[in-house]
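Subject: Structure for your review

Dear colleague,

Please find below the structure that I am handing over to you.

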Amino acid sequence: MPRVRELSPYVELHRDQWRELRSFTPLPLTADELLRLRGLGEKVDLREVAEVYLPLSRLINLQVAARQRLYEATTTFLGEDCRGTKVPFVIGIAGSVAVGKSTTARILRTLLARWPDHPRVDLVTTDGFLYPRAELVRRGLMHRKGFPESYDRRALLRFVTEVKSGAERVSAPVYSHLAYDILPGVEHVVERPDILIVEGLNVLQPGPRLTVSDLFDFSIYVDAHTEDIERWYVERFLELRHTAFADPASHFHHFAGLPDDEARAEARHLWRTINEPNLIENIRPTRPRATLVLRKDSDHSINRVRLRKL
Ligand SMILES: Nc1ncnc2c1ncn2[C@@H]1O[C@H](COP(=O)(O)OP(=O)(O)O)[C@@H](O)[C@H]1O
Ligand SMILES: CC(C)(COP(=O)(O)O)[C@@H](O)C(=O)NCCC(=O)O
């Protein structure tokens with residue numbers, strides 16, 4: 001009897017199957033460039049870029065062209081002339097604190113910008129849309145940083161809507177880990193990109209009204225076991241003592257001199273009280289909504305990919 005295949009909108013691939021889908025996509029990145037894109041504690045090498053990120057870059061390139069044709073179908077229906085109008089393709093990247101979203105976003109940005117049909121790729125992180133510290137204090141949310149309610153979600157939705165609507169110049173606020181606050185008067189200006197990547201913990205959150213995820217043309221969830229992410233978070237915290245925290249201007253400067261055991265206890269406390277509950281209550285439940293899930297093993301390497309096919 002032939003086995004009945006379980007019906008599913010997803011297809012699951014191991015890395016050795018996924019890497020074949022690179023087809024003939026060339027590798028436009030050097031080892032030095034990759035080092036500059038890699039975040040603290042991340043291990044991705046050129047082989048992983050070739051085997052995991054190049055097939056992804058090819059898939060997105062195909063989808064950008066298909067999405068433009070869909071847009072043209074709607075404008076034809078409306079009797080509008082859309083010749084020459086390109087709608088920015090928007091990609092969301094979600095996942096826990098310390099899972100490596102920023103590295104994924106930066107590598108993808110660089111690879112996508114090397115295709116001649118969409119050279120202008122911009123990247124914004126949603127931390128710029130956190131409420132300023134004074135507003136978080138007023139709302140009693142200082143220990144809920146990164147939870148959905150700590151963001152100005154309407155401003156984020158407005159920002160992406162304006163970019164997608166073809167506005168010439170749209171600006172986003174900028175967050176600083178050093179100041180632990182939004183930087184007053186500083187802005188990230190986005191000028192009609194071909195592709196916009198929006199990276200942040202909660203970008204895939206659904207809502208009772210239109211939310212930013214409704215404007216995504218493609219979305220990625222970076223996934224790993226909770227225990228592995230906790231370990232990466234704690235290790236990164238220990239490392240930050242010698243890098244970011246060492247700066248006297250850092251909000252966390254008082255952690256710079258902590259011995260290993262105390263720093264570890266502090267990091268575990270932050271993980272257990274803020275970042276793990278946010279992962280479990282808010283972030284992980286959005287995983288089924290992603291077009292693609294990149295699954296990391298305990299050594300950070302991506303070995304499984306789940307793609308939403310339907
Ligand atoms: N307290 C901090 N000071 C300076 N940089 C930080 C701090 N916390 C996180 N970062 C950096 O901010 C970036 C985003 O981190 P995070 O939100 O944990 O997402 P991810 O690890 O998934 O990219 C990373 O490059 C990380 O190294
Ligand atoms: C700034 C963040 C909320 C992440 O913002 P994102 O760009 O993902 O929206 C997060 O990295 C953070 O600092 N969380 C606070 C708890 C902690 O420091 O671990």
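The notes below cover the sheet, a pair of helices and a ligand site. Please bear in mind that this is a predicted model.

The sheet is open and has seven strands, in the order E1-E9-E8-E7-E2-E6-E3, with mixed pairing. Its edges are strand E1 (10-14) and strand E3 (121-125), each of which pairs on one side only. From one strand to the next, the twist averages 20°. Five bridges join E1 to strand E9 (residues 302-308) in the antiparallel sense; His14 has Arg304 of E9 as its bridge partner.

Helix H3 lies across strand E2 (89-95), strand E6 (195-199), strand E7 (218-223) and E9, and runs at about 140° to E2.

Helix H3 (residues 46-78) also packs against helix H4 (residues 101-112), at an angle of about 60° and with the axes 10 Å apart. The two helices are therefore oblique to each other, and H3 passes H4 in a right-handed crossing. On the H3 side the contact is made by Val49, Tyr53, Leu54, Leu56, Ser57 and Ile60, and on the H4 side by Ile107, Leu108, Leu111 and Leu112. By class, nine of these contact residues are nonpolar, one is polar and none is charged.

The residues surrounding ligand 2 include Thr125, Thr126, Asp127, Lys145, Gly146 and Asn275. The shell comprises four nonpolar, five polar and two charged residues. Helix H8 (residues 260-283) gives the most to this shell, with three residues.

Yours sincerely

Conventions:
Residues numbered from 1 in each chain as written. Chains lettered and ligands numbered in written order. Predicted model: local features only at pLDDT ≥ 70, side-chain atom pairs only at ≥ 80, totals over all residues. Axes fitted to C-alpha atoms, helices over the stretch in contact; angles between N-to-C directions. Helix = DSSP H or I, 4+ residues; strand = E, 2+ residues; numbered from the N terminus. Parallel < 35°, antiparallel > 145°, perpendicular 65-115°, else oblique. Left-handed = near helix turned anticlockwise from the far one by under 90°. Contact = placed C-beta atoms within 7 Å. Nonpolar A, V, L, I, M, F, W, Y, C, P; charged D, E, K, R; others polar. Near = placed C-beta within 6 Å. Pairing = 2+ DSSP bridges.
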